[in-house]
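I opened this notebook to record what I looked up in the structure.

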Amino acid sequence: MVKKHVSIRNHSAESALFMRRTLVVFIAIVFAIGVLITNLYYLQISSFESFQTRSNDNRISVQTVPPNRGLIYDRNGIILAENRPVYSLQVIVKKTKNLKRKINKLRNMFDLSNEEVEQFYKRNRYARSFRPILLRDQLSTEEVAIFTVNQHLFKGFSIKANLKRYYPFGDAFTHVLGYIAKINSKDLQRIEQRGDTARYRGTYYIGKLGIEKYYEQLLHGQPGQRQVEVDSWGKVIRVLNFKPPVPGRDIKLNIDIQLQLKAQQLLGDTRGSVIVLDARTGGVLTLVSNPSYDPNLFVQGISNKKYNALLSSKDRPLINRATQGRYPPASTIKPQMALLALNTKVITEHTKIKDPGWWIVPGSKRRFRDWKRWGHGMVDVNHAIEQSCDTFFYDAAYKIGIDRINPFMQQFGFGDYSGLDIYEETKAIMPSREWKRARFNAPWYDGDTISVGIGQGYWTVTPIQLTQATAILARKGEVITPHILHSIVSKSGAFNAVQESKMPIKLQDEHYWEIALKAMYGVTSKRTGTAHRAFANTSYTIAGKSGTAQVINMKEDEEYDASKIAERHRDNAMFVAFAPYESPEIVATVILENAGGGSSHAAPIIRALFDEYFDKIKVQRLEDF
Amino acid sequence: MVSTQAQKSIFYRLHIDPWLLIGIFCLMTLSLITLYSVSPDWVIPQLIRLVIALSVMLAMAQIPPEVYQRWTPAIFIISVLLLIAVLVFGHTGKGAQRWLDLGFTKFQPSEIMKLIMPFGVAYYISRYTLPITFKKAVIALLIVIIPTLLIAKQPDLGTSILVASSGLFVLFLSGISWFYIAIAVTAVLAFAPVLWFYLMHDYQRTRVMTLFNPEADPLGAGYHIIQSKIAIGSGGVWGKGWQQGTQSQLEFLPERHTDFIFSVFSEEFGFMGILLLLTIYLFIIGRGLWIANQAQDAFTKLVAGGIILTFFVYIFVNIGMVSGLLPVVGVPLALISYGGTSIVTLLAGFGVLMSFNTHKRFNRK
C-alpha cells in the first residue's frame with residue numbers, strides 16, 4: 001500500500017512499525033471497550049433488579065395520612081368538640097435566599113417573637129433542608145391575609161392549613177370531654193404497648209382526659225397512605241397511589257347542653273359539682289365541676305406560666321370534683337341507712353325513739369349531738385328522713401354495726417368506681433373494720449360506726465357515687481351505671497352504648513323501698529320537710545334529701561393539702577333528688593363546697609335545674625326524650 | 001494531478017471526510033436527544049455550540065499539513081507560556097486556577113494544550129528516524145510531562161490526564177521500544193506513592209478512595225457515583241424510555257447535562273442504547289486510525305494517531321468514571337456532554353484529521 005519515497009529515511013519500515021503499533025492500539029481499544037461493556041453488563045443486566053429497587057426507593061416515598069378525629073355531639077346533635085382549620089407559616093429553607101433578611105421583613109409585618117425565631121433556627125438545625133420547618137403556629141386570619149398579599153416576596157415560605165381540635169364551649173364541658181394534646185413519651189409508650197404505632201404515624205395529638213381519652217380508640221380512626229413520587233429535594237411530584245384515611249367515629253353524648261350550661265350558670269363562682277342522670281338509662285345529662293378551665297389551652301400547648309397557675313390555684317380547677325371529689329355524704333345517705341335498718345329489723349316502719357338532741361353510746365359517756373340542739377322529740381323513720389334526725393340514725397347504726405353497713409352500702413356503689421366512662425374517678429372510702437386496720441392499723445370502735453350512721457366519719461363518697469346510689473334507690477334496687485356516651489353516629493344508624501346489667505338489690509320486704517322514698521318525697525312536699533321551701537309550687541313531683549357535711553377535714557384527693565383550705569371551714573351543702581316521684585326520670589346531686597346548709601343552698605339549684613328540665617327542655621324537645 | 005474518484009468528490013474538495021462526519025452527526029443527534037430529555041433548555045445553546053464547533057472543524061480541515069508542521073513549535077511554546085501565566089495571573093474559579101482573563105474574554109490555555117500536545121511531540125520525534133533512541137525518548141517525555149504538571153497544578157486532573165495521554169500515545173505510536181515502555185511503567189508505579197502522598201490534593205484522594213468504596217459515604221463523597229450507578233443499573237436492557245429516567249428527571253443525578261450525561265443516556269436507553277453509542281464511537285476511532293495509517297509522513301501519522309487516541313481516552317475515562325471503574329475526574333463524554341470548549345477542541349482535532357486525509361502532496365493509487 002505504502003509507496004517507497006526517495007528519502008534518507010526508511011519510510012516503508014516506519015510505516016510498517018506505525019501500522020503494527022496502530023494495530024496494537026486498536027486491539028487495546030477494543031479490549032478496553034470490552035471492559036466497559038462487561039462492567040455495564042454487570043450493572044444493567046446482572047444487577048438490574050437491585051438497582052431498579054434502589055431507583056424506586058429513591059423516588060417513591062410512602063406518606064401516612066393521619067385520619068380526622070371523630071366529632072363529639074351532645075344528645076341534641078350540638079357539636080361539643082370539632083376540628084377547625086388552623087394556619088401555620090412554614091419555610092423550606094433550601095428554597096429561600098437571604099433567609100435572615102426575609103425573616104426580618106416578616107417581623108415588620110407581624111410581631112414574630114424572638115422566641116419563635118430562635119425556635120425556628122433550632123428546628124432548622126436538626127431538619128433536612130428541603131423539609132418545611134414551622135416558623136409560626138396559629139396565624140390569625142389577619143396575618144394570613146397580610147402574608148398572602150405579600151407571598152411573592154417570600155419564596156420558600158408557605159402557609160399550611162391544619163385541622164386542630166376546638167372546643168366551642170370552652171370550659172363548660174372540660175370535665176366531661178377532657179381534651180387532646182400533643183403525644184408525649186408516656187403516650188408513645190402506651191401506643192407501642194398496644195401495638196398501635198402504625199395507627200398513630202402522622203398523628204400528633206391524643207386524648208389526654210375525659211371522653212377524649214376514654215373513647216380514643218373510637219375517635220382516632222385509621223390513617224391512610226399516600227404513595228408519592230418525590231424528587232431529590234423530597235418535593236412531591238405526583239401521587240402514585242392513595243388509600244384514604246378512615247376518619248374517627250363521631251360520637252353522641254347523653255349530655256344535654258342546655259341543662260349543662262344552666263348548671264354551670266347556677267353554680268357561678270361556687271366551688272362544687274352538679275350531676276344529673278337519666279334515672280331510666282343512667283345517661284349523664286349534666287356533669288359540672290366548678291371551677292373549670294379552657295381545654296383549648298391544652299390543645300394549643302399551654303404555657304408553663306398558665307399551667308402552673310392552674311396547678312397551684314386554691315380552687316383546684318384541674319380536679320374533676322364530680323368524680324374525684326371525696327366528700328362525707330352526710331345526711332344524703334339517710335334513706336339508704338333507713339332501708340338497712342328496716343331490712344335488718346333493727347327498726348320497723350313504726351319504731352319510734354325519743355330524741356333529746358343527743359345520743360350516748362350505751363355503756364359510755366360519749367355523747368353524739370343532733371344538729372337540732374333541742375331534739376326532734378318522738379321520731380319514727382319517716383320523720384327521721386324528712387327532718388334529717390341524727391339521733392335516730394345514731395341509734396340505728398349502732399344497732400346495725402359496721403359489718404352490716406359496709407356490704408349493704410357497697411351494693412349501692414359506695415366505695416367503688418361507678419363505671420362512668422371517663423378514667424378520672426376515685427373510689428372514695430366505704431369504711432370497714434379491715435379498711436381501718438389496713439389504713440390506720442387500729443381497731444374499729446363503736447364511735448366510728450355512729451359517725452358513719454349519719455354519713456360522716458371515715459365515710460367519703462364522690463358526687464357520681466352519690467347520684468348513682470340515689471338512682472338505685474329511686475329505681476327500688478335496680479342498679480344502673482352512669483354513662484356519658486349515648487351512641488356512635490354512623491351512616492348505617494346509631495349504635496347505642498350497651499350497658500352491662502348488674503344484679504338488683506333485694507330487700508326482705510319490697511315495701512321498705514316505699515317507706516324510704518315516701519320520706520324523701522316528704523322532704524320536699526311536707527311543710528315539715530327540710531327542703532319544703534325550695535320546692536314549693538313545682539309542676540312535677542320530686543323526692544330528695546339534703547345533706548350538710550362538716551368539713552373539718554374535707555377530703556378530695558390524696559394530694560389535696562388540707563392546711564391550705566383551713567380557712568374554709570364552712571359546711572358543704574349537698575342535695576340529692578329525683579323526679580317525678582312516682583316514676584323517676586331524672587336524678588341529680590348538687591354539692592357546694594363551704595356553702596352552708598344543704599336545704600337552703602343546694603336544694604334551690606336542684607329546683608332550678610328540674611324546672612329547666614321539666615318546664616323547658618322536656619317541652620321543647622319532647623320527641624327526643 | 002491524477003484524479004481518483006475520491007478526489008473528484010465534493011467532500012474531497014471541501015476537505016471533509018464523509019465517514020467521520022456521519023459518525024459525528026450521529027453522536028450530535030444522540031447528544032441533542034439526551035439533552036432534550038434532561039431539559040429542553042439545553043438544546044438551543046448546544047446547537048449553537050455545535051455549529052461553531054463544526055465551523056472550526058471545517059476551517060481546520062482547510063489548513064494543509066505543512067502549515068501545521070511549520071507552526072507547531074511556536075504555538076507549543078506559547079501554550080506552555082500561557083499555562084505558566086495561568087498559574088501566575090490566572091483567574092480562580094471553583095477552587096481551581098484554570099482561566100486566563102484577556103479583558104474581553106476568559107479562556108483556558110489547557111484546552112489549547114490538549115490540542116497542541118500531539119503536534120509538539122510528533123514534531124520533535126518526526127525529525128529523527130523512527131524508532132527514536134532512548135535519549136530522544138526522554139526529551140520527548142519531558143515535552144509531555146512539563147505541560148501535564150502545569151495543568152495538574154491548577155489543579156485540573158481530568159485535563160492533565162488527557163494532555164498526558166495524547167502525548168504518550170504519540171510516543172507509543174512512534175514505535176518506541178517495548179523495553180523503554182516497561183521501564184516507564186515501572187517508574188510510574190514507583191512514583192505513584194509520591195503522587196499519592198505529596199502531589200495529590202485531599203479532594204483528589206477522596207475521589208480515588210470513593211471509587212473503591214462509594215457506600216462508605218453515600219450522602220457525601222459517594223453520592224454522585226452511587227446515584228450514577230443506580231441510574232445506569234436501573235436502565236436494564238432497553239432502558240426506562242426517553243424522558244422516563246427517574247434518576248435524572250427527579251434530579252437524583254448530579255451534573256446531568258455535562259459529566260454524567262452517560263448515566264442519563266444509559267438510564268433511558270438501556271444496555272442496547274449503550275451498545276449503539278459504543279459502536280458509533282468505535283466506528284469513528286476505527287476511521288481515525290485508518291486515516292492515521294493512510295497519512296503520508298511520520299508527523300501527520302503521529303498527530304492523527306495522537307488525536308484519535310485522545311478521543312478514545314475521553315470516552316473511556318468518562319464512561320469508566322460514571323460507571324464506577326475510575327475515580328471521578330472532570331472529563332466530559334466526547335461530543336455528547338453539554339459544553340462548548342470540549343466540543344470545539346474535539347472537532348478541531350477531527351478537522352486536523354480531515355485535513356491530513358485530504359491534502360496529499362503525492363500521488364496515490
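Which residues have the most contacts inside the largest nonpolar core? I found A516(A), I586(A), V590(A), A602(A) and I606(A), in a core of 122 residues. A nonpolar core is a set of buried Ala, Val, Leu, Ile, Met, Phe, Trp, Tyr and Cys residues joined through C-beta atoms within 7 Å; buried requires 20 or more other C-beta atoms within 10 Å of the residue's own, with C-beta atoms placed from the backbone. This core draws at least three residues from each of domain 1 (63–253) and domain 2 (257–624) of chain A, with bounds from an automatic or database domain assignment.

I noted the conventions next. The model is predicted: local features need pLDDT of at least 70 and side-chain atom pairs 80 or more, whereas totals for chains, interfaces and linings use all residues. Residues are numbered from 1 along each chain as its sequence is written, and chains are lettered from A and ligands numbered from 1 in the order in which they are written.

I then looked up I586(A). Leaving aside neighbours within four places in sequence, its contacts (C-beta atoms within 7 Å) include V276(A), L277(A), D278(A) and L285(A).

Strands β11 (residues 272–278) and β12 of chain A pair in the antiparallel sense over 6 bridges; pairing needs at least two DSSP bridges, and strands are DSSP E runs of at least two residues, numbered from the N terminus. The two form a hairpin with 5 residues between them, and G282(A) in the turn has a positive phi of about 85°. In β12(A) (residues 284–290), 7 of 7 residues are buried.

Notes
Buried ≥ 20, exposed ≤ 12 C-beta atoms within 10 Å, placed from the backbone. Helix = DSSP H or I, 4+ residues; strand = E, 2+ residues; numbered from the N terminus. Contact = placed C-beta atoms within 7 Å.
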